[in-house]
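Reader: I would like to go through the aromatic contacts and the sheet of this structure. Could you show it first?

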Amino acid sequence: MPGFADSFWTPDYAAGLGVLFSKLQQGVQENRQILTIARMRAEAEELYGQRLGDIAPAADKVVGGFSRDDGASVRKAYEGVRTEMEDASRNHRKIAQSIRDLVVNPFARWCDAHESRIQDSQDDLQARIKTHDRQVEIVKKLRSAYFNKCRLAEDIEEENKLAFQDPETSPKANKNIPEIKVSPQKEEQEDEVYEIGDETYEPEQVKKILAHMMNTIKMGETKVPILGTYLNTSCGSDIVEYLQRHMGTTSVSYAERIGQDLVSCGFLRLVGNVGNNFANSSKLFYQWRPKAFQMSGLPEKKNLASRTFSIPATPESGSDSPVVGAVSEYLAGWNVLNNQHPNETQPERMRREARETDEKYKAGVKKLDELRCDLEEAIFAHLRFLERCELDRLKAIKTVVLDFSGTIGNVIPSLQSTVDHMILYQETIQPVGDLRYLLENYRTGRFAPKVVTYENYYNKVDEQTFGVDLEARARADKKRVPIIVTTLLTYLDHHYPDLEGDEARRGIWLADVQLPQVHKLRSKINNGKPFASDVLAEFDIPTVAHMLKLYLLELPDSLVSSHVYEIIRTIYNTPTAENPDAARVAVLQQTLSQLRLTNIATLDACMNHFTRLIELTSAGEEYIQNLATVLSPCILRPKVETSLTMEEKHASRLIRDLFAHKNAIFGELKRMSSLSHSGSVNNSRPRAISTDESNRRAHMEERQRALLEKAAPRSRATSPAPGPRHRRDRSTGGPETRFPIASPTSGNERHRSSLGLNTLKRQSLEVPDGPGQPATEPSNGTNGDSPKQDGEGILSKRDSLGRTSTRFVAGRRVTLGSASSPPKASAANSRAGSETPTNDRGVTLVDAPMND
């Protein structure tokens, strides 16, 4: 059963805690109700005893009655009734006093202390959350100021680059220099080629293309608030329209790739927004940079007034300059009497201010990260404490009911039936069951920390490790798998023998580790640099294992991307009639192939570690299930946590399938990666995650049809040919959002494939287990395989999918004949007019026909 510490988390922290404290305050009111019942019953017993005690004195006031007879039987009966009433009065007063002593007074003190504990925890957490939220707002402002300063510095440098060069006033002392290295520079410029899209161009070709583009595409001015007016700008949709009309691009996504290449080559830049990405939008404007005008030979339209950086006399005179800020900003920084930076030019001042705001932004992010870690540690401690308080409250109520019934039954045996009922009610109280009911009905989410990272203006991630995108971290480490993952796994591999017994080795992944210890280790290695194992040696093994889980939890997206969560759910909710494991593994292979190579490689490294641990320690079924449950939020998380997703077990079932079928799944993924690598043509650009949901319904229907086809028997398997690169028409996203079953290739796609526009280039997935260790041997279907030849000279090889006898050369499918006959060109090559033989590249797969 999950506890409080893993049940009341939300991205803003306050919402989940608000739900919990509302239930705890409800418990405080329940305590008051129980206390009110006991107090009023004591008052009622006291009042009843007093009224019974008043009967005998009132009867004695009557003169001339039973007091005149000494031995009459009636008098004896009267005295007996009178005595019983006095005894009943004493008994009821005794009950009232017992209820006060055993129930009301101690329970009232306990209720006050419990309410105080709840209120103190709530006040402490609220204060911490307010401090954290205040720092979040400060970091947002610092980030905005840092980005604005960087933009202004770029604008000034761009406009001053060639602004004041005058050949008549330039120094002429250079004429006396005996050697002028101009020719090598010209040769380098002449040898320079430009890669735009899937083609390479010489400078003369680029000059003609730029001249035609700048004469054809509509060019104007763009006004940006605060920054001013940018000249020589064109909107993204006009550029894409030109590329589709005059350069023969077949899709919007390919046109956007060409536009991004123009930005990367220095011909365009985005204005008025953060970053420098190109997109097909009428709201995004791109400025033609001076390099484009110089290469095309066209005159550049310049605003001479924008180079005067003094304060304008009127607001209208300086509103068109993109580098002149608000007048108040200049006046606030104007200090005539005490200038700390004399003789400082405007570009130098802007660069200095950008550096200063960068340092402030870094310091703010670091402080926010420390506050977030302290807040999460405090929340963990308070949640565990509050869980004990709530369980104690439920047990206290059970004890109060028992004591309450005992005080009545011990004094008046005639009330035994009432007491028996009250004891029965007391026995029905189940504190653990009530706690489970609270968790099942009111939990808000698992522990999922949200890290606010430092965003460098130039997209550098050199100073942080946690919370950074996995692929960006791996690219900065120049590894397929981030160094932190391989270092932690290697350290654990080396220290498993130090533990006594297999039970201790298995238990490190299920141990309950204190979060402050993990955060202490995190602070030592969160610097974006490789670290030595000596840092890990200061902590125990469970803390190091929990460090890896915390790193995976703090990733912006789970290791298996949340974009395929719905596909994973469909896989496990769709039953298959025949051979369900084989069908499910095949679809999982297609689904996981949509992930980025870094995610697949990291997942492979982790699964290698866990499957080796399970095998070497002879782990049982119960441990495998518990391990899959613990790792499930680290491997696969939904985009938004809901009450429905918290109860789903798809992530746990996925991990169990990865444990059981690791070789089959990752072997196929490596084979598919090798095929994609051999079929790619000069293209290594990773594509971003697509957020296009316009064709969601069509994709859902296509996936359902593909799943039904996968479950039905087929006469032959599908072709392993890599799909076309430019499939969608509107999205700029990458393979992360493609659906697991490839649809039949259309004519337009075959045309693009014949032009050499093949699938995304993917590198090898071979991941070393740690630094200094050799890479894992490739599985069947990778570059390490070689076709075998039988006695009749027929090349044959059967893979796990049983395809027909084909091979792939430069991304094209070629049917194989006998060994003595020359290979014939495929239909796609015939349509493309390819008559010259091509050299074999990458992997050669030869399949034998299926024996039906």
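Author: Buried means under 20% relative accessible area, exposed over 50%, and partly exposed in between, with a 1.4 Å probe and protein chains only. This is a predicted model, in which local features need pLDDT of at least 70, side-chain atom pairs count only at pLDDT 80 or more, and totals for chains, interfaces and linings use all residues. Residues are numbered from 1 along each chain as its sequence is written, and side-chain values use heavy atoms, without hydrogens and water.

Reader: Is tyrosine 286 buried or exposed?

Author: Tyrosine 286 is buried, at a relative accessible area of 0%. Its ring pairs with that of phenylalanine 278 in a tilted arrangement, 4.8 Å centre to centre and 35° between the planes. Rings of Phe, Tyr and Trp (its six-membered ring) pair if their centres lie within 6.5 Å; planes under 30 degrees apart count as stacked, over 60 as edge-to-face and the rest as tilted. Phenylalanine 278 is also buried, at 6%.

Reader: How many aromatic pairs are there?

Author: The count is 16 aromatic pairs. One of them, tryptophan 9 with phenylalanine 447, is edge-to-face, at 4.7 Å centre to centre and 65° between the planes.

Reader: And which residues do ring pairs link into a cluster?

Author: The cluster consists of Tyr146, Phe147, Tyr361, Tyr454 and Tyr457.

Reader: Turning to the sheet, what is the strand order?

Author: The open sheet has four strands in the order β3-β4-β6-β5, with antiparallel pairing. Strands are DSSP runs (E, at least two residues), numbered from the N terminus, and two strands pair if DSSP finds at least two bridges between them. The edge strands are β3 (220–224) and β5 (268–271).
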